[in-house]
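I opened my notebook to write down, one entry at a time, what I looked up in this structure.

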Amino acid sequence: MSENREITNTVGRLVVTLEIESGVLKKFRYAEGCDAISFSLTKADLAGVQSIGRQAFFCCSSLTSIEIPEGVTDIGDEAFWYCISLTSIVIPNSVTSIDNCTFFDCSSLTSIEIPNSVISIGGRAFIGCGSLASIMIPN
């Protein structure tokens, strides 16, 4: 089952559409003329998503923050590659893996907390994150 979920910004303007297929967030598409409009994603925006797929937000340069909902178990390869405006991400305790190059070139990301549930972090997951001052990894 495939769904196209429309996401609006704080003033109600359509900014992106998310393609979700069988619980997997496959990709985003900017609405026409909206690639320079900053937006955030909340848990409600991502309700029902179980996995963030490979390159789901590839080159999504206007995404500033994301709250991943409980129930998501995997963040795929290159999921947030070149999300240069991403400053904040909340990862729930349901996530067990962060795959290869997940946050590649997220140059505005300043800190991240990895929950206890994560058992694997892929290679080069944070390469190019020049503003990243801290990564909190539990015992």
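I began with Glu-78, which is buried because its relative accessible area is 15%, where buried means under 20% relative accessible area, exposed over 50% and partly exposed in between (1.4 Å probe, protein chains only). I noted that this is a predicted model, in which local features need pLDDT of at least 70 and side-chain atom pairs count only at pLDDT 80 or more, while totals for chains, interfaces and linings use all residues. Residues are numbered from 1 along each chain as its sequence is written, and side-chain values use heavy atoms, with hydrogens and water left out.

**Salt bridges**

I then asked which side chain meets that of Glu-78 in a salt bridge. The partner is Arg-54, at 3.4 Å from N to O, where a salt bridge is a side-chain nitrogen of Lys or Arg within 4 Å of a carboxyl oxygen of Asp or Glu. The pair links distant parts of the chain, 24 residues apart, with Glu-78 in the loop between strand S7 (74-75) and strand S8 (88-90) and Arg-54 in the loop between S5 and S6; strands (E, at least two residues) are DSSP runs, numbered from the N terminus. Arg-54 is exposed, with a relative accessible area of 53%.

A search of the whole structure gave me three salt bridges. In another of them, Glu-19 and Arg-29 meet at 3.7 Å, N to O, and this pair joins strand S2 to strand S3 across ten residues. Glu-19 counts as buried at 18% relative accessibility, whereas Arg-29 is partly exposed at 35%.

**The sheet**

I next followed the open sheet, in which seven strands with mixed pairing stand in the order S1-S2-S3-S5-S7-S9-S11; two strands pair if DSSP finds at least two bridges between them. Strand S1 (2-8) and strand S11 (120-121) each have a single partner strand, so one side of each is left without a neighbour in the sheet. Strand S3 (residues 24-30) and strand S5 (residues 51-52) run parallel and are joined by two bridges, and Leu-25 has Ile-52 as its bridge partner in S5.

**The core**

Last, I asked which residues touch the most other members of the largest nonpolar core. They are Leu-18, Phe-57, Phe-80 and Phe-103, among 41 residues, where a nonpolar core is a set of buried Ala, Val, Leu, Ile, Met, Phe, Trp, Tyr and Cys residues joined through side-chain atoms within 4.5 Å. The largest share of this core, four residues, comes from S2.
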